[in-house]
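Morning, everyone. Please have a look at the model on the screen, and then I will walk you through it.

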Amino acid sequence: MEDLKGLALSKQLVVKTLLGYGIFGAVQVLYRLIWGWKASSRMKDILQDVPATKGDGHDAHAGWLKDFLANVYRIHDWRVEICEGQPVSKNLGFSWHPGLYTLIANDPDIVRHILKDEFNKYTKPDLGYDPFFFYLEEFLGEGIFVSKHGLGSEDRGEGWGHMRKVSSQIFSRKIFNSLMQEVFVEKAEVLRRFLQRSRDLGTQVDLQSCFFNFTFDSIMRIFFGEDSNTAVGVPNMYGKAFDTAHRNMRDHAVSSLASYLFFSTFLPWPFGGRHGGLARWLRDRFSSSFRNMKAATRVLDREADRLVKKCRQDPKLGERRDLLALFIQAKFSTDFVKQMVLHLIIAGRDTTACLLSWTFYELTRNPDVQARLHDEIMQKMPPGAKLDMKSLSASEMPYLNGVIYEALRLWPPVPFDPKMAFEDDILPGGWKVPAYAQVAYSPYNMGRDAKRYPEPEAFRPERWIPFRAPSQHEFPVFQAGPRLCLGMDMAMFEAKTAAVELLRHCRFEMVPGQEITYGDKITLDIKSNGKEEFFVHVRGWPA
Ligand code: HEM
Ligand SMILES: *[C@@H]1O[C@H](CO)[C@@H](O)[C@H](O)[C@H]1NC(C)=O
């Protein structure tokens with residue numbers, strides 16, 4: 001009798017709890033929707049005067065979405081078209097959600113405003129509904145490349161500032177003139193010999209893959225002091241795990257878009273809410289791309305541990321000049337060092353490989369440019385002449401510099417970069433911006449502005465001769481302001497070294513019949529016939 005009563009009581013308790021949670025959950029979701037609706041109506045009002053992107057229905061809530069989906073495979077060119085002639089254009093988000101409200105700036109003054117003048121108001125987007133930055137952080141952990149600054153960060157950017165200061169040590173003049181120079185020259189020679197073999201055999205090569213391997217091998221030496229030779233086909237565990245993690249991260253973030261938005265909006269805590277709650281957690285565990293990413297990051301971690309340990313035990317530690325050795329001698333913790341290196345690799349490896357790939361793509365499309373560049377090289381830097389920062393500068397080799405700048409203008413490795421306003425603001429030109437709107441700049445758009453670059457599609461190194469360095473906000477290929485790319489000089493030096501070393505000895509022809517497009521990563525890589533590759537024939541120069 002007593003037992004039955006107890007059972008009934010506990011049953012009642014369960015029902016009450018469920019009911020209570022149901023009400024709590026419904027109120028929470030309702031509150032979220034009302035807040036979202038109010039926030040987005042407010043945003044729409046404030047953005048009234050900003051012209052919408054050009055296209056049918058783009059002035060309605062998420063009216064551009066259909067158009068966007070039809071153009072994802074040519075997203076950057078689509079953006080050029082829908083923003084044409086407007087200093088800034090808006091894409092409205094959903095009526096029930098403040099996310100996705102985006103302004104696209106084409107005006108250098110606006111770019112300077114968000115990246116420099118009002119630096120503290122704008123940082124990396126995060127409202128907990130966009131899976132991209134969330135999974136990027138799952139992959140990389142905390143670190144300079146994902147950390148926020150200013151009003152949008154919990155520590156007002158202190159963590160970022162510290163990491164920026166520490167990592168800038170690797171870019172000292174001394175390290176450039178010794179370690180980097182030595183490594184880039186050596187690795188470029190290895191690649192050149194590899195390409196000469198395929199010239200002799202008459203086989204075609206995937207030049208983009210070569211450049212990804214070249215930049216990886218270089219970075220392994222400069223950052224880890226470890227000799228890697230993927231360029232000649234020796235697999236590297238760290239590199240393989242890095243690529244696997246990166247690829248799976250991207251696939252997983254893309255496939256999570258809808259569910260992530262759904263969980264964070266329509267499920268109550270703890271099942272949903274910010275970053276998708278338990279539902280997201282569970283979905284991740286059942287997803288093969290997420291598990292593959294996690295497995296690969298564990299390999300990365302183990303490999304990094306091994307390299308750090310090896311470095312600590314190195315009797316010649318004091319003579320080493322790589323980043324790992326510098327950091328370990330400066331007594332940073334293992335975790336800090338591991339994370340720093342990972343972030344520098346993601347920032348510096350793919351970007352530079354993309355720059356080299358598009359540079360050679362343009363050289364094969366414009367054989368006369370390739371021949372002129374070859375002439376300059378044979379005159380100033382014939383085989384055997386020593387490559388260093390000074391001899392590769394714009395004043396010493398203006399044509400080479402023009403070629404690299406043209407490639408950066410037409411194919412910026414980071415083609416589009418959104419920031420989020422964390423406070424209401426007014427842009428130059430008087431455009432009002434509500435808090436939580438994203439303001440993005442697009443080097444791809446700006447590089448193809450016919451007013452600044454007549455016949456923008458034409459590849460003309462002469463545009464940059466004589467060379468006047470463009471201001472950061474007019475040419476934001478490396479971003480601008482306090483978060484300007486730390487590796488800009490390193491990337492230019494690396495790309496120029498490789499270009500000179502390869503073109504001294506080899507001429508390149510594109511394998512015909514490839515349908516060239518670009519990929520959909522954060523970095524702009526070449527796709528041919530839908531795959532991330534670019535095939536060339538290697539030839540000699542007539543004597
Ligand atoms: C052509 C090659 C490169 C391009 C186009 C490029 C472009 C960029 C861009 C656009 C950003 C800003 C990202 C953002 O905060 O939204 C950035 C940041 C950064 N880049 Fe590069 N980058 C290149 C090469 C490199 C190299 C070789 C390194 C060296 C490891 C490097 C290190 C960094 C770092 C550490 C940051 C973060 C700076 C900070 O947040 O304070 N980059 N880069
Ligand atoms: C680049 O390295 C990877 C991994 O070692 C290898 O599979 C690939 O064949 C290399 N690419 C070229 C063009 O040698």
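First, the ground rules. This is a predicted model: local features need pLDDT of at least 70, side-chain atom pairs count only at pLDDT 80 or more, and totals for chains, interfaces and linings use all residues. Residues are numbered from 1 along each chain as its sequence is written, chains are lettered from A and ligands numbered from 1 in the order in which they are written, and side-chain values use heavy atoms, with hydrogens and water left out.

Now the overall picture. The chain holds 17 helices and twelve strands. Those are DSSP runs, numbered from the N terminus: helices are H or I with at least four residues, strands are E with at least two. How does the radius of gyration fit a compact globule? For 543 residues, such a globule would have a value near 24 Å, and the chain has 26 Å, which agrees. That radius is taken over C-alpha atoms, and the globule rule is 2.2 Å times the number of residues to the power 0.38. Along the principal axes, the C-alpha atoms fill a box of roughly 100 × 60 × 45 Å.

Of the 543 residues, 54% count as buried. Buried means under 20% relative accessible area, exposed means over 50%, and partly exposed is in between, with a 1.4 Å probe and protein chains only. Next, contacts, meaning heavy atoms within 4.5 Å. Among those with a separation of 6 or more, 74% join residues 24 or more positions apart.

On to the iron. Which protein donor does the iron atom of ligand 1 have? The only one is Cys-485, through SG, at 2.3 Å. Donors here are N, O and S atoms within 2.8 Å of the metal (3.2 Å for Na, K and Ca); water is not among the atoms, so sites may look incomplete. Cys-485 sits in the loop between α16 (443-447) and α17 (488-505). That loop also carries Pro-466. The peptide bond from Ile-465 to Pro-466 is cis, with omega near -5°.

There is another cis bond, from Trp-269 to Pro-270, with omega near 0°. Pro-270 lies in the loop between α9 and α10.

Those two helices bring us to α5. Helix α5, residues 131-140, is largely enclosed by the rest of the structure, because seven of its ten residues are buried. Among the buried ones are Phe-133, Phe-134, Tyr-135 and Phe-139. Their cover includes α9 (237-266), α10 (277-285), α11 (288-313) and α13 (334-365). After α5 comes Gly-141, with a positive phi near 70°.

Ala-62 is at about 50°, and so is Asn-529, at about 50°. Buried or exposed? Ala-62 counts as buried, at 15% relative accessibility. Asn-529 counts as exposed, at 52%. Ala-62 is in the loop between α1 (2-46) and α2 (65-71). Asn-529 is in the loop between β11 (526-528) and β12 (535-539).

Last stop, His-374. This residue is in helix α14, residues 367-380. His-374 counts as buried, at 10% relative accessibility. Which residues does His-374 contact, leaving aside neighbours within four places in sequence? They are Leu-503, Arg-504 and Trp-541.

That is the tour.
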